Amino acid sequence: MTHVLVVYTDDEPGVLTRVASLFRRRGFNIHSLTVGPTERPSVSRMTVVVDTDANTARRAVEHLRKLVNVLEVQQLGQHAKVVRDLALIRVSANATQRSEVLQLVQVFRSNVVDIAEDSLVIECTGSLGKIEALVDTLRPFGILEMGRTGAVAMTRGLRTDPSLVSSSEPVRAESSQSMSV
Amino acid sequence: MEQTGAQIIWECLLKMGVDTVFGYPGGAILPTYDAMTGYPVRHVLVRHEQSAVHMADGYSRASGRTGVVVATSGPGATNLVTGLATAMLDSIPLVAITGQVGSGLLGTDAFQEVDITGITLPVTKHNYLVTRAEDIAPAIREAFAVATSGRPGPVLVDITKDAQQGKATFEWEKAMPTRHLRHIPPFPAAAELERAVAMINEAKRPVILAGHGIQLSGARAEVLTLAERADIPFAITLLGLGAVPATHPHSLGMMGMHGEAWVNQAIQEADLLIALGMRFDDRVTGRLKAYAPDAKKIHIDIDFSEFNKNVPVDVALGGDLLQVLRAILPKVQSAKHGPWLERINSWRGDSAVRDIKNLPDDGHLYAAHVMHDLWKLTKGAAVVVTDVGQHQMWEAQYYHHDGERSLITSGGAGTMGFALPAAIGAKMACPDAEVWVVAGDGGFQMTFAELMTAVQEDVKVNIAIINNGFLGMVRQWQELFYESRYAATPILSPDFVKLAEAFGVHGQRVDKRADVASAVAAARAAKGTALIEFRVEQEDSVYPMVAAGAALHDMIRRPSPSPLAETGADPV
């Protein structure tokens, strides 16, 4: 079963290696791992989806908490949450198939971001299940290329951890700077 | 006032109360060595960097202080790895400072450049790559905080040559660490503490599993109070030996693979196990599915990731052992478990008749005899530092450690070559202690160059080499599980007496039990380091033994009577 862990870390070199090395060494199976900046300049946020039993997921959380660079770990299992993944899919479609594909894309509320003579590139954001459904739907046309980001997750409602809510640091306007890892 | 990064390193170490460091100079750490001469620090020049870590490790284990290592980049740094892993697996606080090539050369495969922070990532609690002089003090101060807080462990600080040469203002107060305090876990909930207390009060056949955490937490008195008040016997892990006294009436002795049969039998028949600062290592549980099947389990440990790792437990109390015990002790009722203790004692009687120390002298010298005699002759008061293998287990069985920090041994890693350097470190931490090395002929040959370090530093350790001409523990496994095919286990040794002479230390050879006492006396009386080679029975094995993968009570017992003893008429 999959467990979603949200890990807040220092934004400094080597942190991703420390997290990845921990998972590798302890044999925790990573389904996906995404990392990016947060509203706070010195803090990065990872979303790790692990495929394992509940006890192993709990131990993964405890191991993560032992890393000096980790500020906090949330296991989203027990909370209502939003989990989103982004996929770019290049699907084969000639002029006669194009409209059929466009209709399907609309059903999934996805976008076409590139059109070529015999293919389309579709951008889809959604839950893991929605993306997998779109992929299954498009497969008969021929999927030429696919890239996925892995999940980014957040709890619904108010953030529960007070240490992470109240920050005296100013919120960064643009967060285009990627984490140095 | 601005100082060089190198000076800041020493300023930090002085602030941390460091007066002794173990190290080896080289190009990338030269600025730091150059600055050292201005500071009141004793530098111990080792003969190999691995030994520097073992010395700092022994220093820490003997005193509870944080050991410090200094080495250069490249091979100097990579030689630390085995020592760091040894300390990591046994939760020993160390700080290793390594030089690194200049920051402009990082990533260019420069001379003696090795990515030591990458290499040591899994064998340290944390590590740092410092490239600017102003970052040195925060890194070193945090390194000490990380090494000693929570579950202790080694930390490495890699400092580029230009950071050592650069200038910065030494600002100790601004370097106050905070990140190691990020995860102070909540104290166990009252309801969980109550559950544990109720289980203790209701138990009929309880056993305490006493681990290294008792030593690290300083909870000896509380553990003994628990054992005495609730009349609970305790079994001890290898690293727990000495943390609680072996000759205490409630002590059962060492548990696990080479624990006495009554100890393991008691664990298997218990209805409650109270695990204190131990981690259910495979060497103490045997086959997990058959481990203590009737017992409820309470696990108290500071490392939350240890809970339910190997053995599922009924109550897990995370926190500092001393604090947790203080919270539950007021509610633990006085109890008597007479029938249970008598039952365990009845197994003890059966084991004793098989024990080699109760057999008559047959003219052979057995390692067990040497350990037993050494215990008697030193009145159990020495600090014994053991290497890894058969002698380590015989020492654990026959030298009954009562005093805290009186046994220093590599448990988790099982690092051969550990004993001599660790003993030198232990003696430097505790100059008034009588320190004995107990090592096999194999392990001693791994690091015996450190004899010269002992001489150069004028350190007295007494060395007992248990020479059986084999890598004995591996040979024992070959005998038992590989049909006695002794692949690569016979090992030749130099003439250890002449070797001692070459190093300028007292050397002696013993091959009869009758000569053990006089040799030990001569070694103790010798002014400096002294070495005794005990030529013991070659194909002797450590019993009892739980084979790897067997259930804990499924033990290979001591032969009765010993076939070796029956050959007593043979000349040695």
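Reader: When H16(B) passes H17(B), is the crossing left-handed or right-handed?
Author: Good place to start! This is a predicted model, where local features need pLDDT of at least 70, side-chain atom pairs count only at pLDDT 80 or more, and totals for chains, interfaces and linings use all residues. Residues are numbered from 1 along each chain as its sequence is written, while chains are lettered from A and ligands numbered from 1 in the order in which they are written. With left-handed meaning that the near helix is turned anticlockwise from the far one by less than a right angle, and right-handed meaning clockwise, the crossing of H16(B) past H17(B) is right-handed.

Reader: Why are H16(B) and H17(B) called oblique to each other?
Author: Angles under 35 degrees count as roughly parallel, over 145 as roughly antiparallel, 65 to 115 as roughly perpendicular and the rest as oblique. Axes are lines fitted to C-alpha atoms, for helices over the stretch in contact, with angles from 0 to 180 degrees between N-to-C directions. Helix H16 (residues 367-377) and helix H17 (residues 390-398) of chain B have axes 9 Å apart, and they pack at an angle of about 45 degrees. The pair is therefore oblique.

Reader: How do the residues of the contact of H16(B) with H17(B) divide by class?
Author: Contact means C-beta atoms, placed from the backbone, within 7 Å. H16(B) brings B:Ala367, B:Ala368, B:Met371, B:His372 and B:Trp375, and H17(B) brings B:Gln390, B:His391, B:Trp394, B:Glu395 and B:Tyr398. Ala, Val, Leu, Ile, Met, Phe, Trp, Tyr, Cys and Pro count as nonpolar, Asp, Glu, Lys and Arg as charged, and the others, Gly among them, as polar. The division is six nonpolar, three polar and one charged.

Reader: Which residues of H7(B) make the contact with H1(B)?
Author: Helix H1 (residues 5-15) of chain B and H7(B) have axes that come within 9 Å and cross at roughly 30 degrees, which makes H1(B) roughly parallel to H7(B). From H1(B), the contact takes B:Gly5, B:Ile8, B:Ile9 and B:Cys12. Facing them in H7(B) are B:Ile136, B:Ala137, B:Ile140 and B:Arg141.

Reader: Which are the edge strands of the open sheet in chain B?
Author: Strands (E, at least two residues) and helices (H or I, at least four) are DSSP runs numbered from the N terminus, and two strands pair if DSSP finds at least two bridges between them. The sheet has six strands in the order S3-S2-S4-S5-S7-S6, with parallel pairing. Pairing on one side only, the edges are strand S3 (42-45) and strand S6 (126-130).

Reader: How many of the nine residues of strand S3 of chain A are buried?
Author: S3(A) spans residues 43-51 and pairs in the antiparallel sense with strand S1 (residues 2-10) over nine bridges. Strand S2 (residues 30-37) of chain A also runs antiparallel to S3(A), with seven bridges. Buried means that 20 or more other C-beta atoms lie within 10 Å of a residue's own, exposed means 12 or fewer, and partly exposed is in between, with C-beta atoms placed from the backbone. S3(A) is mostly covered, and its buried count is seven.

Reader: And what is the count of buried residues in H3(A)?
Author: Helix H3 of chain A covers residues 95-107 and has 13 residues. H3(A) is hardly covered, with a buried count of one.

Definitions and conventions
Contact = placed C-beta atoms within 7 Å.
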